[in-house]
Amino acid sequence: MPEDFSTPPPPPPPPSRPYAQAPAYGYPQNYGLPPAPRRSAWFYIGIIAGSLAAVCLLVSLMVWFTVRSAGGDAAGLGLNTDRIAVIDVSGVILSAESVDNQLRKFGDDSSVKAILLHINSPGGGAAASQEIYHEVLRVRQEDHKKVIASIESVGASGAYYIASACDKIYANDASVVGSIGVIMEWTNYGDLLRWAKLKNVVIHAGELKDAGDPSRDLTPKEEAYFQSLVDNMYGQFVHDVATGRHTTEDKIKPLATGQVWTGQQSLPLGLIDKVGGFRVALMETAKDVGISGEPNLIRPAKNKRGLFALLTDDGEDLFPNPGQLLNHAPGFYFMWK
């Protein structure tokens, strides 16, 4: 039978492609990519060593910042082994605790070769000034540390009392120095009570128990009593200054009139050892203790009080209580006014 060429033959079917098999659960398909290279043991050793180095660096920085912020002894770290400590004695001296603690700390610090008292104070409480005086002497004698006084603007009365215990006293030409004397004072508000038609009631045993009652005038006996106390403290002041300055009381008494002198006037009177500012005192002290070049300084950490501390401290710093003005007992002061 002849072939029928009128109808073309059907095209051949496309080749069959097998379906890609789904990867097993948990194992991703490579899709023809080369396998990931295996890490060597040195890679992991490097990671561990780098982590340890970072931790050590972090700890070292924390220690360094702690020592620096606290003003602590870095001698154990081998840093700044020849240092001069600077303690500021400024403002009215009401308490000896802070300065005494700083003196003890630096006195016990083997890296501190000398202590420089940077003084700018008119004095203050008699007992507080005397306590710092004796602590300066103790540091000099027991810790064998040089303690030098550098008077800035004012080093009078109780502040001069403290300076006299030092190995040497420096003052500027125009510094105010001296005021060796004692003062006792309080506010008599008796007229205020009478104006307000108030009466102060006191019950006591002992003739002088209420001596110094600020609601009335002193009796002659009370006045003599307080004068004896002031005279006794005055004698202690003169004696201690004479001891600290390595001289006699007879030489100090003519200068113990409560008056002040400039630093320039004080030098020939023997009240100071040299005219010069803080820088002069610092460099000469460094040379005396064997420190060459620029000395390393260390200062106590400052107690910074934030707004929160002020607001939570009974508000006394922001809003003083006027009633406290009536609560001041008579006080004895080594203070220049």
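# Report on a predicted protein model

Strand 1 (83-90) and helix 2 (97-108) each contribute at least two residues to the lining of the largest pocket. The model described here is predicted.

## The largest pocket

The largest pocket holds about 450 Å³ of space. Its lining consists of 16 residues, and those nearest its centre are Asp88, Ser90, Ser98, Val99 and Gln102. Which element gives the largest share of this lining? Helix 2 does, with four residues. Rolling a probe the size of a water molecule over the atoms shows where empty space is left.

## The chain as a whole

The chain contains 10 helices and 11 strands. It has 337 residues, of which 33% count as buried. Its accessible surface amounts to about 22,000 Å², and carbon and sulfur atoms account for 59% of that area. Among the contacts in the chain with a separation of 6 or more, 73% are between residues 24 or more positions apart.

## Strands and their partners

Strand 1 also has a partner in strand 2 (residues 112-121): the two run parallel and are joined by eight bridges. Within this pair, Val89 stands opposite Ile119 in strand 2. Six of the eight residues of strand 1 are buried, so this strand is largely enclosed by the rest of the structure. In a regular strand the side chains alternate between the two faces of the sheet.

Strand 11 (residues 331-335) pairs with strand 3 (residues 123-125) in the antiparallel sense, over three bridges. Strand 11 also pairs with strand 7 (residues 183-185), again in the antiparallel sense and over three bridges. The table lists one facing pair of residues for each of the pairings described.

| Residue | Residue opposite |
|---|---|
| Val89 | Ile119 in strand 2 |
| Gly124 | Phe334 in strand 11 |
| Ile183 | Tyr333 in strand 11 |

## Gly125 in strand 3

Gly125 has its place in strand 3. Is this residue buried or exposed? Its relative accessibility is 14%, and the limit for a buried residue is under 20%; Gly125 therefore counts as buried. Leaving out residues up to four places away in sequence, Gly125 touches Ile93, Phe332, Tyr333 and Phe334. Gly125 and Ile183 are 58 residues apart in sequence, and their C-alpha atoms are 9.8 Å apart in space.

## Helix 3

The buried residues of helix 3 are Ala126, Ala128, Ser129, Ile132, Tyr133, Glu135, Val136, Leu137, Val139 and Arg140. Just after helix 3, His144 adopts a positive phi of about 55°.

## Lys253 in a loop

Where does Lys253 lie? Lys253 is in the loop between helix 7 (249-252) and strand 8 (260-262). With a relative accessibility of 45%, Lys253 counts as partly exposed. When its neighbours within four places in sequence are set aside, Lys253 is in contact with Tyr234 and Val238. Lys253 and Ala242 are 11 residues apart in sequence, while the distance between their C-alpha atoms is 9.1 Å.

Technical notes. Residues numbered from 1 in each chain as written. Predicted model: local features only at pLDDT ≥ 70, side-chain atom pairs only at ≥ 80, totals over all residues. Heavy atoms only, no water. Buried < 20%, exposed > 50% of the residue type's maximum accessible area, 1.4 Å probe, protein only. Contact = heavy atoms within 4.5 Å. Areas by Shrake-Rupley, 256 points an atom, 1.4 Å probe, with all protein chains shown as cover. Pairing = 2+ DSSP bridges. 1 Å grid on protein atoms, 1.4 Å probe; cavity = no way out; pocket = protein on both sides within 12 Å on 5 of 7 lines; lining within 4 Å. Points joined across faces, edges and corners; volume = space filled by probe spheres on them.
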